[in-house]
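Notebook open. I want to look up surface charge first, then ring pairs.

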Amino acid sequence: MAGTTVERKRSKRVDVDDMTETGEGTEQDDWMQTKTLVKPEDQLDLTEAELKEEFTRILTANNPHAPQNIVRYSFKERQFKQISSVDQLAVHFSMDGNLLHKESEEAKRQLNKTSMMPEHKTESMTEAQEVTVAEPTGEEVTEEAGAEVEAKDDAGDEGPAQPAAAPKGKGEKKLTNQFNFSERASQTYNNPFRDRGTVTEPPPRSSFAANVTQWEIYDAYQEDFEKQEKTKEKKVVPGRKDEGRTKKKFTISESSGDDITRVETAAKIVERMVNQNTYDDIAQDFKYWEDVSDEYRDQEGTLLPLWKFSFEKAKKLAITSVCWSPMYKDLFAVSCGSYDFMKQGSGLIIFWTMKNPSYPECFFETDSGVMCLDIHPQHPHLITAGFYDGSVAVFSALERKEGPIHRCTAKNGKHTDPVWQVRWQKDDADNNMNFYSISSDGRICLWTILKNEMIFQDVIRLLLPDVSAEGPDGIKVPTTGCGTAFDFHQQKDYLFLVGTEEGKVHICSKAYTSHFIDTIDAHNMAVYKVCWNRFHPKIFITCSADWTVKIWEMKDTMEAHDKNEMRKPLFSFDLNNSVGDVAWAPYSSTVFAAVTSDGKAFVYDLNINKYEPLCEQMVAQKKKTKLTHVDFNPTYPIVVVGDDRGSVVSLKLSPNLRKMKAEKKGAPPPDEATKVQREIEKLEKILSMVREQPTEATHNKDH
């Protein structure tokens with residue numbers, strides 16, 4: 001029955017195959033005729049020439065995703081080197097197999113090992129193979145039956161059917177059924193794993209220990225740097241030879257990394273640690289020391305000298321300005337130049353930090369003396385500076401350049417006299433940075449920084465209407481005043497003060513470029529500093545070479561009925577020598593400090609004493625040393641003082657010099673607006689007393 005069923009199935013399959021080969025031609029032709037080609041609407045209509053045009057695409061064996069910048073560490077050269085050969089092979093699929101070719105050595109060894117086994121083990125293995133491997137499934141029975149039927153058909157009716165295969169003897173090898181899949185790992189031995197490792201010789205090392213100072217470390221680095229500069233080799237790389245061009249050769253110097261720059265950050269940290277140990281007593285005083293004797297002095301205080309900042313290249317120069325960084329409370333910048341017009345030379349811009357008083361954080365050398373500088377409030381790495389030759393420039397502490405990134409020349413608005421002060425302003429409407437400068441040539445200029453240049457605009461000229469010089473043919477030429485200092489109002493951006501060499505103070509506005517809002521005959525000699533109070537919007541202070549420091553109040557023009565009244569100072573202090581600089585304290589509206597040419601520093605507090613300084617102290621260490629500038633730290637209770645010998649000294653204020661109003665117990669700390677309002681009220685209380693008694697408003701100290 002099985003044979004008959006298979007035969008019917010086979011005959012039916014043969015008939016179907018015959019139909020497939022011959023087919024019915026009529027139906028097929030009709031079906032082929034019904035096929036129509038549909039052309040898309042956006043298909044291009046190409047001509048025969050365009051259709052016959054050939055586009056050649058070259059296939060390369062290079063892998064486009066293979067990285068071209070793989071580096072490996074070379075123990076021989078002790079640096080990372082880029083490998084020349086790149087693996088272009090891209091593996092899409094891989095699978096570990098365990099098949100063996102029957103003619104391979106491993107297959108022969110396994111066959112020999114199997115034949116050498118005892119006979120009873122071989123028989124048991126053969127039976128196991130028959131059970132696990134050679135057991136046919138249902139589909140295989142059908143195929144074997146079909147094979148028998150085919151054998152009968154071939155034999156015909158001539159004789160009885162012969163079996164498909166004769167039974168194998170014991171000596172023959174039984175073949176496994178290839179249609180019954182099973183894991184080869186279950187039929188063969190597992191290959192032993194092989195481990196391979198590579199050991200390289202470690203680079204030579206040596207241990208070294210010694211006690212050194214920071215200067216020996218610096219000298220060692222300098223010697224190593226000089227050796228590297230001498231041993232730099234230049235390699236010649238031949239260029240590509242183009243048609244019609246001669247062969248060019250380019251010399252590329254070998255870029256060997258500087259050892260100092262590699263360890264710059266670590267060396268800086270170590271240097272600061274060494275300095276912290278060296279100046280540990282000063283650091284302890286800066287943080288914790290308070291003068292106990294202030295309790296017995298009633299209304300007097302002292303200045304405790306802390307670090308002294310001196311640089312070898314600045315010894316013959318004077319400190320011309322001091323400016324604290326708005327972001328880093330321990331960092332400040334100073335400019336170095338000369339106030340003697342007969343001894344002019346190079347200049348310096350130096351960054352000092354209280355964490356390392358032994359060496360500058362960074363510095364810039366200039367070809368002309370630097371007379372002033374200012375640090376940008378939003379971008380503290382940008383510094384603008386004014387020079388003795390009349391030019392202004394912008395430096396960047398981030399870019400390791402020796403010179404400025406922008407500098408004006410005689411073609412684009414350079415001043416003709418020394419620039420005495422520069423000051424950053426808010427960005428303009430186009431988000432361009434800008435700053436102001438004032439010079440002895442009587443010009444106040446606005447400088448705007450574009451991408452690759454600086455453009456200038458004259459804001460105002462300091463003309464003297466009362467004084468005129470006679471020109472040729474008797475023509476009267478207006479005389480220009482000499483500007484020395486200015487300061488911008490903190491609340492009103494358009495309002496600023498200008499001090500001149502003639503002793504006048506002009507109240508100016510950015511909106512009026514032809515005249516001043518008001519002019520005050522403040523001093524008899526040159527005005528060295530004008531500065532708005534940090535809390536009160538109408539109070540400013542001035543200092544001059546006529547030995548005086550004066551405090552003024554600006555009134556509105558409508559409120560001032562008498563011009564002479566508004567020109568009188570609220571306070572006047574005689575310091576018995578030329579006053580180089582004055583500065584308001586950031587923590588109180590009534591405290592200010594001043595320095596004089598005889599080496600003394602003064603600290604006043606109007607809330608405690610309106611006539612006498614709370615502190616008068618000799619700061620200069622050498623005789624005939626002039627103090628030039630002073631500035632308060634915005635956070636810590638210290639001031640820095642610069643002299644005309646290139647040194648800067650930091651001083652800590654004693655408790656009596658920074659007394660604040662005591663808060664009630666349990667009360668929350670006041671916010672910033674409350675603090676400002678309190679300081680304004682405190683100063684207003686003192687001013688009201690002065691306004692009521694105008695005869696006592698002016699007081700000269702008699703030494």
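For patches I take residues with over 30% relative accessible area and no salt bridge, joining like charges within 9 Å. A salt bridge here is a side-chain nitrogen of Lys or Arg within 4 Å of a carboxyl oxygen of Asp or Glu. Areas come from Shrake-Rupley with a 1.4 Å probe. This is a predicted model, where local features need pLDDT of at least 70 and side-chain atom pairs count only at pLDDT 80 or more, while totals for chains, interfaces and linings use all residues. Residues are numbered from 1 along each chain as its sequence is written, and side-chain values use heavy atoms, leaving out hydrogens and water.

Entry one, charge. I found a negative patch made of E216, D219, E223, D224 and E226. I placed D224 in helix α7, residues 214-230. D224 is partly exposed because its relative accessibility is 31% (buried is under 20%, exposed over 50%, partly exposed in between).

Entry two, rings. I pair Phe, Tyr and Trp rings (six-membered ring for Trp) with centres within 6.5 Å; planes under 30 degrees apart are stacked, over 60 edge-to-face, the rest tilted. That rule gives 27 aromatic pairs. F309 and F332 sit edge-to-face, 5.3 Å centre to centre with 85° between planes. They join strand β5 (303-309) to strand β7 (331-337), 23 residues apart. Both F309 and F332 are buried.

Next I checked F311 and Y359: centres 5.7 Å apart and planes at 90°, so edge-to-face again. F311 is in the loop between β5 and β6, and Y359 in the loop between β8 and β9, 48 residues along. F311 is buried at 7%, whereas Y359 is partly exposed at 25%. Ring pairs also gather W215, Y218, F311, Y359 and F363 into a cluster.

Conventions: Patches are made of residues with over 30% relative accessible area and no salt bridge: like charges are joined within 9 Å, nonpolar side chains (Val, Leu, Ile, Met, Phe, Trp, Tyr) within 5 Å. Lys and Arg count as positive and Asp and Glu as negative; His and the chain ends are not counted. The place of a charge is taken as NZ of Lys, CZ of Arg, CG of Asp or CD of Glu. Helices (H or I, at least four residues) and strands (E, at least two) are DSSP runs, numbered from the N terminus. Buried means under 20% relative accessible area, exposed over 50%, partly exposed in between (1.4 Å probe, protein chains only).
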